[in-house]
Amino acid sequence: EAMACGLPTIGTNWSGNTAFMHTENSYLLDCEVVPVPTVGWKEISTYRGHRWAEPHLAHAIDTLRRVVEEHGEAKRKAKQGQEEVTALYNRERVGAILKAEIARLQETHQPHPIAPPVSKSRQKTPPVRVRFEGAQFSWHSLAHVNREIGTRLIAMPGLEVALIPTENPFFVPSEVTGGEVLASRCFVGLSAPADAHIRHFFPPRFEKPEEGKLVLIQPWEYGYLPEVWIEPIQKNVAEVWCYSKYVRDVYLNSGISEEKVKVVPLGVDTTIFHPSAPPFVFTQEPGTTLLPKGLEGRFCFLFVGGTLHRKGIDILLDAYLRAFS
């Protein structure tokens, strides 16, 4: 697009842009092909083990200066680039390529002979198609819930599931049980428009999705919903799934229609949490300690919750100190 506008254009000498950029119509930066650095694959875990081009900073500086100082050369390159891109990549030319390819496919892939009609008793029930939007590969509680829900939805027969992560991953999917299965369903296409679109993240979004009925999962334990939420929930949300009867009552007391609000409780993984489960054993590297120096052998709390005032950690610590000094 920049070249079609007749602008001097700079690009890395690597990958797809080299199909239409060369040294006569643009400026190509020297680069080194390297493994994707840690920061890259932690942002998008799919990059792990792959390579990308790292442009040379000094060459980028020199090229920018050259475009300014060698104005005549830059103008010539820009003009040639504009002419080539306009001639080779205009809509009519690309459209003709697409049309010819479709025609070729029609010639080489003849339709199968018409099969006899399938009786209704043998017809398969079409799957229910679901998009599930929310964090997946993060350590916070909502992402943990999403992984559990996503895993169960994917495993259920009769459902076709696509996941839409809303946060960059904090870890590689293989670090959690079932993570690779979840990763395989991220941003995939569905065989037809979605029937339902589930959202579970904070802050919530109430806009209608492009496909499917909107299901909102948004716990709220402060008595009443924020007033600005009520109208868009009534207007755009097909159902609200509540963790508990208390959360359901919060929505009802805030004026949300009763037919919209359903209790869908959270579950527990009984393959991990059961009476015969072995005690968890901490492992540590030699020479390291789990507790700060001087606290070895002391009592250690495991507090499952955010260290927020409303979670009551201050009450827990105060009660412990009063009971045991």
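What covers the buried residues of helix H7? In this predicted model, the cover includes strand S8 (213-216), strand S9 (239-242) and helix H8 (245-253). Residues are numbered from 1 along each chain as its sequence is written, and side-chain values use heavy atoms, with hydrogens and water left out. The model being predicted, local features need pLDDT of at least 70 and side-chain atom pairs count only at pLDDT 80 or more, whereas totals for chains, interfaces and linings use all residues.

Helices (H or I, at least four residues) and strands (E, at least two) are DSSP runs numbered from the N terminus. Helix H7 spans residues 227-236, and Trp229, Pro232, Ile233 and Asn236 are buried in it (buried, under 20% relative accessible area; exposed, over 50%; partly exposed, in between; 1.4 Å probe, protein chains only). Seen down the axis of H7, these buried residues fall within an arc of 105°, so they line one face of the helix; the arc is that of the directions from the helix axis to the C-beta atoms. The face turned away from the buried side of H7 carries the exposed residues Glu227, Glu231 and Lys235.

Ile233 also belongs to the largest nonpolar core, which has 15 residues; Leu225, Ile233 and Tyr251 are those with the most contacts inside this core. A nonpolar core is a set of buried Ala, Val, Leu, Ile, Met, Phe, Trp, Tyr and Cys residues joined through side-chain atoms within 4.5 Å. At least two residues of this core are supplied by each of S8, H7, S9 and H8, and H8 gives the most, with 3 residues. With residues up to four places away in sequence not counted, Tyr251 touches Leu216, Gln218, Leu225, Ile233, Val240, Cys242, Ile256 and Val261 (contact, heavy atoms within 4.5 Å). Another core, of 13 residues, lies apart from it, with Val130, Phe171, Cys186 and Ile198 among them.

Salt bridges were assigned where a side-chain nitrogen of Lys or Arg is within 4 Å of a carboxyl oxygen of Asp or Glu, and the count comes to 13. One of them joins the side chains of Glu160 and Arg129 (3.6 Å, N to O). Glu160 lies in strand S6 (residues 159-164) and Arg129 in strand S5 (residues 128-133), so the pair ties together parts that are 31 residues apart in sequence. Glu160 is buried, at 16% relative accessible area, and Arg129 is likewise buried, at 14%.

A salt bridge also forms between Asp249 and Arg248, with the closest N and O atoms 3.9 Å apart. Asp249 is partly exposed at 23% relative accessibility, whereas Arg248 counts as buried at 19%. Salt bridges that share partners join Glu133, Arg199, Arg205 and Glu207 into one network.

Within helix H5 (residues 141-155), Glu148 and Arg152 lie 4 residues apart, about one turn of the helix. These two residues form a salt bridge, the closest N and O atoms being 3.3 Å apart. Glu148 is partly exposed at 30% relative accessible area, as is Arg152 at 43% relative accessibility.

The largest pocket holds about 860 Å³ of space. Of the 24 residues lining this pocket, His144, Val145, Arg147, Glu148 and Ile149 are the closest to its centre. H5 provides the largest share of the lining, 8 residues. On a 1 Å grid over the protein atoms alone, a pocket is an open set of points where a 1.4 Å probe fits, with protein on both sides within 12 Å along at least five of seven lines; lining residues have an atom within 4 Å of a point. Grid points are joined across faces, edges and corners, and the volume is the space filled by probe spheres set on the points.
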